[in-house]
Amino acid sequence: MASLLQGRLPINQDVLLMQKGMLMRKVRSKSWKKLRYFRLQEDGMTVWHARQAGGRAKPSFSISDVETVREGHESELLRSLAEEFPLEQGFTIIFHGRRSNLDLVANSVEEAQTWMQGLQLLVDFVTSMDQQERLDQPGWLSDWFQRGDKNQDGRMSFREVQRLLHLMNVEMDQEYAFQLFQAADMSQSDTLEGEEFIEFYKALTKRAEVQELFENFSADGQKLTLLEFVDFLREEQKEGDRASDLALELIDRYEPSDSGKLRHVLSMDGFLSYLCSKDGDIFNPACLPIYQDMTQPLNHYYINSSHNTYLVRDQLCGQSSVEGYIRALKRGCRCVEVDIWDGPTGEPIVYHGHTLTSRILFKEVVATVAQYAFQTSDYPVILSLENHCSQEQQEIMAHHLTEILGEQLLSTTLDGLLPTQLPSPEELRRKILVKGKKLRTLEEDLEEEDEEEELESELDREPEAGLELEAQSAPETQELSPRSKDKKEKKSTPIMCPSLSALVVYMKTVSFHSFTHSRECYRFYELSSFSETKAKSLIKEAGNEFVQHNTWQLSRVYPSGLRTDSSNYNPQEFWNAGCQMVAMNVQTAGLEMDICDGLFRQNGGCGYVLKPDFLCDTQSSFQPERPISPFQAQTLLIQVISGQQLPKVDKTKEGSIVDPLVRVEIFGVRPDTARQETSYVENNGFNPYWGQTLCFRVLVPELALLRFVVKDYNWRSRNDFVGQYTLPWTCMQQGYRHIHLLSKDGTSLHPASIFVHICIREGLEGGES
C-alpha cells in the first residue's frame, strides 16, 4: 500500500536514513531517560518505536500529528540536562492539541539534524497537500489498508475486508459487502491491492444524499451546467448576486476534469469536492482572514485571554512551564497572566502562590513571550502582572522587561501626548503592553517628562490643551479615591517600584467599588478585574450599567479561586455584557473552551473580535438579561442530513460501533440559550443518515454561537462525546454545508464530518415564509 503514496512523498537522504531507523534517548524528566529505537515506516507517514533494533515495535506518532520540530536549546527539560547531553544533539517534537511534547536526544549532532530536517520536510509536505490531493489519495487511506491487511501481504482478502469494515466503524450487510468486493476485484484474484482498494474505498464512500441533491439540479443527471450550478448557488447556498462569478471560480477550483473546466460544467465528483471544501464549509470563508475594522479603541473588542497561563495542569500541584505561554500565544491568546513572587536567588519567579505548583524564572517567561508573541497574530499582547515581589525584585522585573522585550515593549503613549481614548489594535501592532498597578496617573508621568512645565500647573494646563478626560470635573477624587481604598492593601503588600510602575501605560489596574464610582473617579486607561461570582452578580443586578461601563473602560473577568482543577466557566455570559478580557484556563479542554475557540476562530484567529455596535455605544440601552428590540430576531432551521466517518469512541474494542446522534446547542443571551438533538442511528458511524430538522428562534443573533456535537448514544450512562464544532452565528453560511468535526482538544478529526442544510429567516416565525 506504500506505493499509493510513493512518488508523492519528498524522498531525500534524511528520510531514507529515518526509514532505516535510529537509536535515540527518549527524555521525560531529569530521572527518566531511556534508549528507544525510532524508525519511520515505509509509508513515510508514521513513526514507530521499539526498545531496541529488531525488537517488538509499536506506533509512536503520525506525521499528521506533528505541528513542528524545535531545537534542543528551546526545551526547558533538555536545557536542564545540558551538562549530561549536548543541546545540539537534542530536539523536541511538538504535537497538535494538548498532547505532551516528545524530547529526544540523538547520538550525534548529525543524527539529530537528520531527524529534525527529515521530520520538518514531511510535516511541510502534509501541510501543503491541497484539498484535492486529500480527497483523491488521503494519507489515512494507507493506514486503513494496513490495519485491514491482517497478514500484511499487501493484499486484502474478503475476510480482511470484513475486519476493515469494523475498523472503519460501519456495519454492512455481508452480501452487499461481498458485492462491493467483487466489483472492485478487477483482477479476479479474490484479493484487493493498489487501485482495486481505491475503487473499493470509493464504493464505500458513495454519498447517496449528495447524488440525489446533484440530480435535483442537473437536467441529465451527469453534470451541472454553469447555469444549473448558478441556480444551486443562488437558491440553496444563498450566494445572491455573486453566484455567477462564484460558479466559474468554483468549477475551476474543484472540477477534476480538464474538459469539464473548459466547458464550465461540474461533474458529481467536482460537486462533492466543492461541498467538502472550505467553500462548502458551514464557516464562511470571508470570516477566516482579518475582516473586521481594527482601528477602533481596544475596549471595543473581545480579547482572547488566558488565566494562570504558566500552568499546564491544575492549580494545586500542577507544573508551571513556559510551554503554557507558548501554547497560549500560538493559539491566539493576546492577554497572558504572570504571577510573580520573590525568588530565593534574587531572581523573581513565576508560580501559583501558596501552592505546590513548580516554579519558573520570570526572565524565562519574558523571553518566551518575546519569541512567541507575534507568531500567530501581529496584534498587541497584554502581560497581566500579578506582582507579589519586594521592591528589590521589582527593579529586576523592570530591568528584564525593558532589556528582553526592547522595542516590543510599549513604555510610553504612542505619540508621547496625553490620549483621550485607548489606542486601537492596529496602532499597537507588534507591541507588548504591561497591565498592572501604577503609582501615579498617566498625566503625572507625562508631565514629569516635560521639563519646561511645572507639575503644580497640571490641572490648569489640561483644559487649555483641549484634553477632555473621562470625569475631568473631579480630578482630586480621581487621585484620592483609588489611593485611599488601597491603603489597607498596602499594609500587606510590598511597595511599588517606580521603574516598574512607569512601564504601565494604558493598562493601570484599579479596584472596583461601583459603576458610579468608576465613572466619577477613574480614567479610561484604568481597568478593574472581576471574579466570575462578582461579574455574574453585577450582570444580574445592573446589566445595562455593566454594558455602559464596558463601552469606555476595559474589564477583565477571571475564574473563581475554588476552581483548583483549572476548570472553566462559560464565557458567553460575560461577553453578553461587553466584558473584553474573559480569562480562560486554556489548558483545560471542554465545552467552555469550545465556545471560546468558536468566537475567536474568526477574524484571522488574531485574538481580537469586534463587539457588536450596541455594546460599543456609551448610551446603549441593552440589557443582557432581558434583551428587547431593536435587535433583529431570526429563526434558524437546521436539517441534520448525514454523517461521514465518525470515529469510534472506544478504539480498543474492534467490534464496538457508534450509535451516533447530533445535538445542536445555541449559546447567547439567556432567552436564546437552547439545545435540541436528533434521534440516534444504530450501529453506523461510517455514513449515518438522520434527515431531521431542528428549529431555533434567536432574539440577539449578533451574540449567538452554535455548537454542533456528535454523541454516541448509550442507554446505560451519559452519551459519549464523539466530536464537535463551534462557530459564531454571524460566520455561518446558509445552504448545504459540511461541518468538519474537532476533538475535545480542538484538533481536527479529519475526515469526520456532518452534512447539514442551514436556513435563516428574519423574525420569529417558525412556519413557511
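# Exercises on a predicted model

The closest cysteine sulfur to that of Cys 333 belongs to Cys 596 and is 6.8 Å away, too far for a bond. The model is predicted: local features need pLDDT of at least 70 and side-chain atom pairs count only at pLDDT 80 or more, while totals for chains, interfaces and linings use all residues. Residues are numbered from 1 along each chain as its sequence is written, and side-chain values use heavy atoms, with hydrogens and water left out.

## Exercise 1: Cysteines

Solution. 
- Step 1. A disulfide is a covalent bond between the sulfur atoms of two cysteines. The test used here is a pair of cysteine sulfur atoms within 2.5 Å.
- Step 2. Cys 731 is in no disulfide either, and its nearest cysteine sulfur, in Cys 287, lies 3.6 Å away.
- Step 3. Cys 333 is buried (under 20% relative accessible area; exposed is over 50%, partly exposed in between, with a 1.4 Å probe and protein chains only). Its relative accessible area is 0%, and Cys 731 is also listed as buried, at 0%.

## Exercise 2: The whole protein

Give the number of helices and strands, the share of buried residues, and the share of contacts between residues 24 or more positions apart.

Solution. 
- Step 1. The protein has 25 helices and 29 strands. These are DSSP runs numbered from the N terminus: helices are H or I with at least four residues, and strands are E with at least two.
- Step 2. Out of 769 residues, 56% are buried.
- Step 3. A contact means heavy atoms within 4.5 Å. Among contacts with a separation of 6 or more, 69% join residues 24 or more positions apart.
- Step 4. The six are Met 268, Gly 270, Phe 271, Ser 273, Tyr 274 and Leu 275.

## Exercise 3: Two serines

Find where Ser 306 and Ser 218 are placed, and which side chains they make polar contacts with.

Solution. 
- Step 1. Ser 306 belongs to strand E11, residues 305–306, and is buried at 1% relative accessible area.
- Step 2. Its side chain makes a polar contact with the side chain of Thr 309 at 2.7 Å. Such a contact is a pair of N or O atoms within 3.5 Å; within protein, one must be able to donate a hydrogen and the other to accept it, and residues adjacent in sequence count only if both atoms are side-chain atoms.
- Step 3. Beyond its neighbours within four places in sequence, Ser 306 has contacts that include Cys 333, Arg 556 and Met 584.
- Step 4. Ser 218 sits in the loop between helix H10 (208–217) and strand E8 (223–224), and is buried at 6%.
- Step 5. The side chain of Ser 218 makes a polar contact with that of Asp 220, at 3.1 Å. A polar atom of the Ser 218 side chain also lies 2.5 Å from the backbone oxygen of Lys 223.
- Step 6. With neighbours within four places left aside, Ser 218 contacts Lys 223, Leu 224 and Glu 228.

## Exercise 4: A glutamate

Decide whether Glu 573 is buried, partly exposed or exposed, and list what it touches.

Solution. 
- Step 1. Glu 573 is in helix H24, residues 572–575.
- Step 2. Because its relative accessible area is 22%, Glu 573 counts as partly exposed.
- Step 3. Not counting residues up to four places away in sequence, Glu 573 touches Lys 536, Ile 539 and Arg 670.
- Step 4. Lys 536 is 37 residues from Glu 573 along the chain, and their C-alpha atoms are 7.8 Å apart.

## Exercise 5: Backbone angles

Describe the phi of Asn 308 and of Ser 566, and the peptide bond from His 750 to Pro 751.

Solution. 
- Step 1. Most residues other than glycine have a negative phi, and most peptide bonds are trans.
- Step 2. Asn 308 has a positive phi, near 45 degrees. Asn 308 lies in the loop between E11 and helix H15 (322–330), and is buried at 1%.
- Step 3. Ser 566 also has a positive phi, of about 60 degrees. Its loop runs between strand E19 (555–558) and H24, and Ser 566 is buried at 0%.
- Step 4. The bond from His 750 to Pro 751 is cis, with omega near 10 degrees; Pro 751 is part of strand E29, residues 748–762.
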